[in-house]
Every structure is written in structure tokens, then in C-alpha cells.
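Subject: Structure for you to look at

Hello,

Here is the structure I promised to hand over. Please open it first, then read my notes below.

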Amino acid sequence: MGLAQGDAVLVRAAAKLIGEVDGRSPKVLLDALQRVVGPEGTIFGLTFTKSFLFPRRHKEYIYDGGNPPITGGFARAVLGAEGAVRSLRPTNSWTGVGADAVAILEDHDERATCFAPLEKMMGLNGKMMLVGCLTSSPGFSTVHLAQAHLGLNRKSLMGPISGVHFQRDGETKVFTKWDTAGCSRGFGKFYSDYLMADKLIVGKVGDATSLAIGVADAYAIERRILEKNPRYPLCAEKDCLYCRGSLRYNLRDIPGYFLRQAAIKLVRRAVPSRIES
Ligand SMILES: [Zn+2]
């Protein structure tokens, strides 16, 4: 997959697709990746956690840095690894194991955007890898970074109404998501662009089809496309509230989205009454 000793790599994985291995596959995958990048390399996982609409009402959940991630088995494996370093950002923390984990994650807190660590990885010739999750959780995280740099991360009407309570310096505070990463179900559209630019490595990790690309390469391609067409990575779901009902750079879809939702509600109300009669 083009990984080498000393690489800093952000990995997202559906580890169960690797197939038959000894032991729990997320841990086996992490061990294998660590062997490839060696002691000078670093493996990163996205250890994102819960957020709530109207966070002030949700005091029952406080993010304290120890909360389990909701981003799957590989994220849990990275967080549980010896020497793991987790960034401070509520709702969108990253965790790294290896030589550059502290340097890349030390200032990733509530003031930083969700994917800010990619900026430092770019300078270190960092890479990204998808193992098995090409369609189930498509795309590379640099799309979110390019969206943030172009100001698109602040253009969802949904953003500022969600967040979480978190602890910092012995105090409990409320974090409001001023930067929404948003829906990524359409990010697979970029795969053909990476291929056309001859920047994508396609291969197998066990039985899992996998992709790898340089952070700087992916970012350059995505940014060029997003500058021309910010709507390019929107997903195909007509019912996606984020893509179709919330974006100030996709106003044309908003009336249709809400009309459709209203129609669906009317039909749902009408159908049981017909059955009763
Ligand atoms: Zn969507």
C-alpha cells in the first residue's frame, strides 16, 4: 500500500473485512501497521465521540477524554494501544500511537477544526489509508480539511446547535460545534479524480480492498474541485438533512427537501387512518 518506515498515517478501517486472522482484527491491523511504519512512524485513528442537539440540556454526558469512541473497532484499538495520545478536542478527538503523535495532536483542542491535524501531517509527507470501508464509510478526511479552509464548514445551519459538555482545567464547559464536518457519504466521488491524477494506491489488506494516498496529494485535488464546485461531494440521498436541507451553498435543494419531508409526514399520517377505516 506504499507505506514505509517513519510514515505518519491516518487510517480508517472496517477491519472485519480483512478476513481470517489470529486475534481481534482491529488490533491485528494496528500491530501490522505499526510494524510497517516502525518506531519512527505514527498511526492515527479518529476517536470521535457523542454530540447532542441543544447540548446545554444534556448534562448526563460529559466528555473527559476517557469516553469510548463511536467510530468503530479500529478507533478503539488505537485508543487502547500502549503509549496512545488523544487530542483534547471534544466530539472529534484524534488518537495517535508513535513518534509524531504528540507533535501533531498537542494543539488539537476545542479551538481547532475537526481535521486540523492533517495540516501538520501534510508537512511531514503524511498519508491516509482506507481499509475495507471504501463504500460503507467512503472518502478521505482531507475533503473536510479543504472544506474548512474554504469556509464551507461554517455554512451548515445545523452546526451551531449541537455539541457536548466537556471538562477542561477542572471546570465543566459547553462545547458548541462551530465547525461541522458534516456528511461524507458522497466523498467517494473523488476516487476517480485521484486515479486520473495517478495519486491513488489500490490494493488489499488481507481480503479488504484498500486505498492509500498522500495527504498533500489528496488535498490538492479536492481543493481544486471544491473551489469550482462546493456541491461536488454532496451525497445522493434525497433525505439527507445535512446535504439537502442545511447548506447555505446548496440553497437550491432546501425548499424541495422540506416539501418532501412534509409530504412524507402527511402520507405517514394518512396511511394508518385509511387502514382503520
Ligand atoms: Zn449527505
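Is K120 buried, partly exposed or exposed? K120 has 18 other C-beta atoms within 10 Å. A buried residue needs 20 or more, and an exposed one has 12 or fewer. K120 is therefore partly exposed. Its place is in helix α4. R86 is 34 residues away from K120 in sequence, and their C-alpha atoms are 16 Å apart in space.

Please keep in mind that this is a predicted model.

**Helices α5 and α7**

Start with α5, which covers residues 142-149, and α7, which covers residues 215-228. Their axes come within 9 Å. They cross at roughly 50 degrees. The two helices are therefore oblique to each other. The crossing of α5 past α7 is right-handed. On the α5 side, the contact uses T142, V143, L145, A146 and Q147. On the α7 side, it uses V215, A218, Y219, E222, R223 and L226. By type, the residues of this contact are seven nonpolar, two polar and two charged.

How many of the eight residues of α5 are buried? Seven are, and the helix is mostly covered. The buried ones are T142, V143, H144, L145, A146, Q147 and A148. They pack against three elements: α4 (117-123), β7 (127-131) and α7. Just after α5 comes G151, with a positive phi of about 80 degrees.

**Helices α1 and α2**

Now look at α1 (residues 25-37) and α2 (residues 73-80). Their axes are 8 Å apart, and the packing angle is about 60 degrees. That angle makes α1 oblique to α2. This crossing is right-handed. From α1 come P26, K27, L29 and L30. They meet G73, F74, R76, A77 and V78 of α2. The contact divides into six nonpolar residues, one polar and two charged.

**The nonpolar cores**

The largest nonpolar core has 55 residues. Which residues have the most contacts inside it? They are V9, V11, I43, F74, M128 and V131. F74 also belongs to the α1 and α2 contact. Take V9 as a way in. Leaving out residues up to four places away in sequence, V9 touches L3, L33, V37, I43, F44, G126, K127, M128 and M129. There is also a second, separate core of five residues. C183, Y242, C243 and L247 are among them.

S156 lies in the loop between α5 and β8 (162-168). Is S156 buried or exposed? It has 24 C-beta neighbours inside 10 Å, so S156 counts as buried. Beyond its neighbours within four places in sequence, S156 is in contact with T180, G182, Y242, S246 and L247. Y242 and L247 are members of the second core. E227 is 71 residues from S156 in sequence, and the two C-alpha atoms are 17 Å apart.

G245 is found in helix α8, residues 241-245. With 20 other C-beta atoms within 10 Å, G245 is buried. Not counting residues up to four places away in sequence, G245 touches I254, Y257 and F258. L79 is 166 residues from G245 along the chain. Their C-alpha atoms are separated by 35 Å.

N125 is not a glycine, yet its phi is positive, near 60 degrees. N125 sits in the loop between α4 and β7. With 13 other C-beta atoms within 10 Å, N125 is partly exposed.

Best wishes

Note on methods:
Residues numbered from 1 in each chain as written. Predicted model: local features only at pLDDT ≥ 70, side-chain atom pairs only at ≥ 80, totals over all residues. Axes fitted to C-alpha atoms, helices over the stretch in contact; angles between N-to-C directions. Helix = DSSP H or I, 4+ residues; strand = E, 2+ residues; numbered from the N terminus. Parallel < 35°, antiparallel > 145°, perpendicular 65-115°, else oblique. Left-handed = near helix turned anticlockwise from the far one by under 90°. Contact = placed C-beta atoms within 7 Å. Nonpolar A, V, L, I, M, F, W, Y, C, P; charged D, E, K, R; others polar. Core = buried A, V, L, I, M, F, W, Y, C linked by C-beta atoms within 7 Å.
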